[in-house]
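Me: Please take a close look at one part of this model for me, and stay with the side chains there before you move on. I'd like the cut-offs along the way.

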Amino acid sequence: MAASRSELAPTSTDVDWMSRALDRARAAADVGEVPVGAVIVRDGEVIAAAHNRTLTDADPTAHAEVVSIRHAAEVIGDWRLLDCTLYVTLEPCAMCSGAIVLARIPRVVFGALDPRAGMVESLGNLLRDSRLNHRCEVTGGVLAAESGELLRSFFRERR
């Protein structure tokens with residue numbers, strides 16, 4: 001997985017929150033789900049944490065980002081997730097990027113690039129597309145090596 005070309009440098013706090021997202025990704029692997037984890041942070045506290053649940057829920061939309069967005073909206077009682085940061089271990093796909101934009105999340109921090117489906121840097125740039133009504137600040141590549149290795153080992157074991 002290649003290095004990210006993101007606009008903002010990560011902070012030490014970003015690394016700490018991404019570690020929490022990696023914990024969720026490991027939990028996904030433990031139940032046979034593709035190991036992607038996400039946490040949403042607001043005012044220095046996690047308000048939602050999730051991992052992929054597509055197999056568990058028989059739901060193709062149950063990606064870690066979407067599950068965490070749904071939960072965060074429920075927690076704060078609003079569909080607008082203003083003042084939140086989403087941390088996710090893998091570059092969001094088109095569906096998740098769309099959900100992030102619709103939720104008005106101002107900042108996204110991701111781990112590994114996804115050259116086959118990533119829509120933040122790899123295949124496109126939905127989170128920063130000037131034609132949309134909302135754009136996100138993006139920091140990529142945070143704990144990318146750890147995130148990428150978790151994914152590679154998961155798929156290696158299944159082949």
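Reply: **The largest pocket and helix H5**

The biggest contribution to the lining of the largest pocket comes from helix H5 (residues 144-158), with three residues. Helices here are DSSP runs of H or I with at least four residues, strands are E runs of at least two, and both are numbered from the N terminus. Bear in mind that this is a predicted model, where local features need pLDDT of at least 70, side-chain atom pairs count only at pLDDT 80 or more, and totals for chains, interfaces and linings use all residues. Residue numbers run from 1 along each chain as its sequence is written, and side-chain values use heavy atoms, with hydrogens and water left out.

The pocket (an open set of 1 Å grid points where a 1.4 Å probe fits, with protein on both sides within 12 Å along at least five of seven lines) holds about 480 Å³ of space. Its lining numbers 19 residues (those with an atom within 4 Å of a point), and Val34, Leu90, Asp114, Leu151 and Phe155 lie nearest the centre. By class, 11 of the lining residues are nonpolar, two are polar and six are charged.

Stay with Phe155 for a moment. Phe155 and Phe154 make an edge-to-face aromatic pair, with 5.2 Å centre to centre and 85° between the planes; the rule asks for ring centres within 6.5 Å and, for edge-to-face, planes over 60 degrees apart. The count by this rule is one aromatic pair. Phe154 is buried because its relative accessible area is 6%, while Phe155, at 33%, is partly exposed (buried is under 20%, exposed over 50%, partly exposed in between, with a 1.4 Å probe and protein chains only).

Now for some packing elsewhere. In helix H4 (residues 94-102), the buried residues are Cys96, Ser97, Ala99, Ile100 and Val101, and they pack against H3, strand E3 (84-90) and strand E4 (107-112). Just after H4, Arg104 has a positive phi of about 65°. Helix H3 (residues 64-76) includes Ser68, which counts as buried because its relative accessibility is 0%. Beyond neighbours within four places in sequence, Ser68 has contacts (heavy atoms within 4.5 Å) with Ala38, Ile40, Ala48, Ala50 and Leu86.

Conventions: Rings of Phe, Tyr and Trp (its six-membered ring) pair if their centres lie within 6.5 Å; planes under 30 degrees apart count as stacked, over 60 as edge-to-face and the rest as tilted. Grid points are joined across faces, edges and corners, and a volume is the space filled by probe spheres set on the points. Ala, Val, Leu, Ile, Met, Phe, Trp, Tyr, Cys and Pro count as nonpolar, Asp, Glu, Lys and Arg as charged, and the others, Gly among them, as polar.
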